[in-house]
Amino acid sequence: MKRWLVPAAFAACLLPLAWLVVRFLRDDLGANPIAEVLNRLGLDAFVLLVLTLACTPAQILFKVNWPIRIRKLLGDFCFFYACLHLLTYAGLDQGLAFGEIGRDIVKRPFITLGVTTWVLLLPLAVTSTQGWQRRLGYRRWKGLHRLVYLAGVLACVHFLWRFKTALFEPLLWSGVVALLLGIRIVSRLRLQSR
Ligand code: HEM
C-alpha cells in the first residue's frame, strides 16, 4: 500500500483550516466573520463525517482497501473540526456565557441536535485507537462505533434545520448519507442471508 496515503490524507484534512486562517489574515471572512467561521467549521466536520461513513461502502463497492486505512484519520479530523465548531460557538458566538449556552441547548432543538451529535462523536474519538479496540474487545468496540451512523443522521437533521428554507445543499448531503447507510444495510443483509 502506498506510503504517502496517510500523510497525504492528513495534509488534505488540514487544508480547510489552513484556508480559513488565510482568509482571516487577508480579512476576507465577509460581513459576519464569526458566523462564517462557525458555519465553515460545521460544514468541514460534516463533510469529514460523510467521508468517514463512505470508507466501508467504497471498500464493498470497489473492492479497494485504502479507504479503510484512512478511516480513523478522517473520523479523528471530523471530531477535531466539530470541536473547533463548538469552541467557535461557545467562545466567539456566545462569549462563554454558559447560562445562555445552557438555555440555548435546552430551548433550541437545532443546538440540542448539534450538541447530541458531538456527544455521540466523543466516545468514538476517544476509543478510536487500537489500544481501546483491544481493551473493549472487537465486538463491543464495533458495536460502540456503530454510533457513527446515528451521528451521521443527527448531523443531517442539524444541517437541514439550520437552513429551514434553502434546503437544496443539506438535502443533497442527506441523500448521500442515506445512500451510504443503505449500502451498509444491504451488504449486511446479504451477508446474513448467506
Ligand atoms: C458541538 C455542538 C454544536 C453546536 C453548539 C452547533 C451549533 C451550530 C451553529 C450555531 C451553527 C450556525 C447556525 C446559523 O448560522 O444559523 C451551526 C451550523 C452547522 N453545524 Fe453545528 N453545532 C454543533 C455540532 C455540530 C456537529 C457535530 C456537526 C457535524 C458533524 C455540525 C454541523 C454543522 C453544519 C453542517 C452547519 C451548517 C454549515 C453551513 O451553513 O454551511 N455541527 N452549528
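Biologist: How many residues surround the ligand, and which are the closest?

Modeller: Keep in mind that this is a predicted model. In it, 22 residues surround the ligand, and the closest are Asn-39, Gly-42, Leu-86, Gly-114 and Trp-118. Two or more shell residues come from each of helix H2 (33–62), helix H3 (66–93), helix H5 (109–126) and helix H8 (147–163).

Biologist: Which element gives the most to that shell?

Modeller: That's H2, with eight residues.

Biologist: And how do the shell residues divide into nonpolar, polar and charged?

Modeller: You get 15 nonpolar, six polar and one charged.

Biologist: Okay, now the core. Which residues of the largest nonpolar core touch the most other members?

Modeller: A nonpolar core is a set of buried residues joined through C-beta atoms within 7 Å. Here the largest one has 28 residues, and Ala-45, Leu-48, Leu-49 and Cys-78 touch the most other members. H2, H3, H5, H8 and helix H9 (168–193) each give two or more residues to this core. Take Leu-48: leaving aside residues up to four places away in sequence, Leu-48 touches Cys-13, Leu-74, Phe-77, Cys-78 and Tyr-81.

Biologist: Let's zoom out. How many helices and strands are there?

Modeller: Nine helices and zero strands.

Biologist: What does the radius of gyration say about the overall fold?

Modeller: You compare it with what a compact globule would have. For 194 residues that would be near 16 Å, and the protein has 18 Å, which agrees. The C-alpha atoms fill a box of roughly 55 × 40 × 40 Å along the principal axes.

Biologist: What share of the residues count as buried?

Modeller: Of the 194 residues, 22% do.

How values were computed: Residues are numbered from 1 along each chain as its sequence is written. This is a predicted model: local features need pLDDT of at least 70, side-chain atom pairs count only at pLDDT 80 or more; totals for chains, interfaces and linings use all residues. A residue is near a molecule or strand if its C-beta atom, placed from the backbone, lies within 6 Å of it. Helices (H or I, at least four residues) and strands (E, at least two) are DSSP runs, numbered from the N terminus. Ala, Val, Leu, Ile, Met, Phe, Trp, Tyr, Cys and Pro count as nonpolar, Asp, Glu, Lys and Arg as charged, and the others, Gly among them, as polar. A residue is buried if 20 or more other C-beta atoms lie within 10 Å of its own, exposed if 12 or fewer, and partly exposed in between; C-beta atoms are placed from the backbone. Two residues are in contact if their C-beta atoms, placed from the backbone, lie within 7 Å. The radius of gyration is taken over C-alpha atoms; the globule rule is 2.2 Å times the number of residues to the power 0.38.
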